[in-house]
Amino acid sequence: MLPTRRSQKAMNSRALRASTSSDPAQGGVPEEEKPTLDKFVNSNDWAGVIGLMQFERNLALKSNSSLSEVTRASLWLAFGCVHYGDYNRALEVYDEMMSQGMDFDPELHAHRAVCMFYLGNYAEAELAAKQAPPGPLQNRVLFHISQRQNDETKLMTHHEKLTP
């Protein structure tokens, strides 16, 4: 006799509960084996960083956590997206942070410029980079933009400012 849909659902939910248990004797994942941000970053697992940070960000938003927890998760999510090559998603995260008033980090404009640069939007990237505070990241982005735009004078200006 084949199991009914109801019994299949019950079996699946019991298996799911057993697998999500933190008790290794019940088939769960021990605490020391649960994924952490450090493990994902150290192993260059950017998909893992993205998944974990999306989860932590959603959890922080739903539980009305402090703004710093949401901001931390959002910054790491965008960082993971950039390293994974998903520049559109990273730009969305940065734009969302700025629209929600989480833009107290002035480097956010430089990070947005990096995303725009990799998307090929050099004019927009230059505008975003100029909104960032002067620093190594801003200079590096402006250097690469001027190189792509074949602007020799700007290229040499930014080349002189590069740190060895």
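1. Of the 164 residues of the protein, 32% count as buried. The model is predicted. Its secondary structure comes to nine helices and zero strands. Written from the N terminus on, the elements run α-α-α-α-α-α-α-α-α. Take the contacts between residues at least 6 apart in sequence: 34% of these join residues at least 24 apart.

2. The helix pairs come next. Two packed helices are described by the angle between their axes and the distance between the axes.

3. H3 with H4. The two axes come within 8 Å and cross at roughly 155°. That angle makes H3 roughly antiparallel to H4, because angles over 145 degrees count as such. The crossing of H3 and H4 is left-handed. On the H3 side, the contact includes Trp46, Val49, Ile50, Met53, Arg57 and Leu61. On the H4 side, residues in the contact include Val70, Ala73, Trp76, Leu77, Phe79, Gly80 and Tyr84. By class, the contact of H3 with H4 divides into 14 nonpolar, four polar and three charged residues.

4. H4 on its own. Helix H4 covers residues 67–84, which is 18 residues. From first C-alpha to last it reaches 25 Å, close to the 26 Å expected at 1.5 Å a residue. Which residues of H4 are buried? They are Val70, Thr71, Ala73, Ser74, Leu77, Ala78, Gly80, Cys81 and Val82. An α-helix has 3.6 residues a turn, so residues three or four places apart point the same way. Val70, Ala73, Leu77 and Cys81 are among the buried residues of H4.

5. What do the buried residues of H4 pack against? Their partners are helix H3 (46–62), helix H5 (87–99) and helix H6 (108–118). Gly85 follows H4, and its phi is positive, near 100°.

6. H6 with H7. These helices pack at an angle of about 170°, with their axes 7 Å apart. That makes H6 roughly antiparallel to H7. Their crossing is left-handed. H6 brings His109, Arg112, Ala113, Met116 and Phe117 to the contact. H7 brings Tyr122, Glu124, Ala125, Ala128, Ala129 and Gln131. The contact of H6 with H7 has seven nonpolar, two polar and two charged residues.

7. H7 with H8. Helix H7 (residues 122–131) and helix H8 (residues 136–148) pack at about 155°, with their axes 10 Å apart. Are they roughly parallel or roughly antiparallel? That angle makes H7 roughly antiparallel to H8. H7 passes H8 in a left-handed crossing. Tyr122, Ala125, Glu126, Ala129 and Lys130 of H7 meet Gln138, Val141, Leu142, Ile145 and Arg148 of H8. Six of the residues in this contact are nonpolar, one is polar and three are charged.

8. H7 sits in both of the last two contacts. Tyr122, Ala125 and Ala129 are among its residues that meet H6. Tyr122, Ala125 and Ala129 are also among its residues that meet H8. Glu124 is listed in the contact with H6. Lys130 is listed in the contact with H8.

9. H8 on its own. Helix H8 has 13 residues. Its reach from first C-alpha to last is 18 Å, close to the 18 Å expected at 1.5 Å a residue. Its buried residues are Gln138, Asn139, Val141, Leu142, Phe143, Ile145 and Ser146. These pack against H6, H7 and H9. Gln138, Val141, Leu142 and Ile145 are buried, and these four are among the H8 residues that meet H7.

10. Backbone points to check by eye. Asn44 has phi near 55°, a positive value in a residue other than glycine. Asn44 lies in the loop between helix H2 (37–42) and H3. Is Asn44 buried or exposed? Asn44 is exposed, with a relative accessible area of 53%; the cut-off for exposed is over 50%.

11. Asn150 also has a positive phi, near 55°, in a residue other than glycine. Asn150 follows H8. Its place is in the loop between H8 and helix H9 (152–161). Asn150 is exposed, with a relative accessible area of 67%.

Definitions and conventions: Residues numbered from 1 in each chain as written. Predicted model: local features only at pLDDT ≥ 70, side-chain atom pairs only at ≥ 80, totals over all residues. Heavy atoms only, no water. Axes fitted to C-alpha atoms, helices over the stretch in contact; angles between N-to-C directions. Parallel < 35°, antiparallel > 145°, perpendicular 65-115°, else oblique. Left-handed = near helix turned anticlockwise from the far one by under 90°. Contact = heavy atoms within 4.5 Å. Nonpolar A, V, L, I, M, F, W, Y, C, P; charged D, E, K, R; others polar. Expected span 1.5 Å × (residues − 1). Buried < 20%, exposed > 50% of the residue type's maximum accessible area, 1.4 Å probe, protein only.
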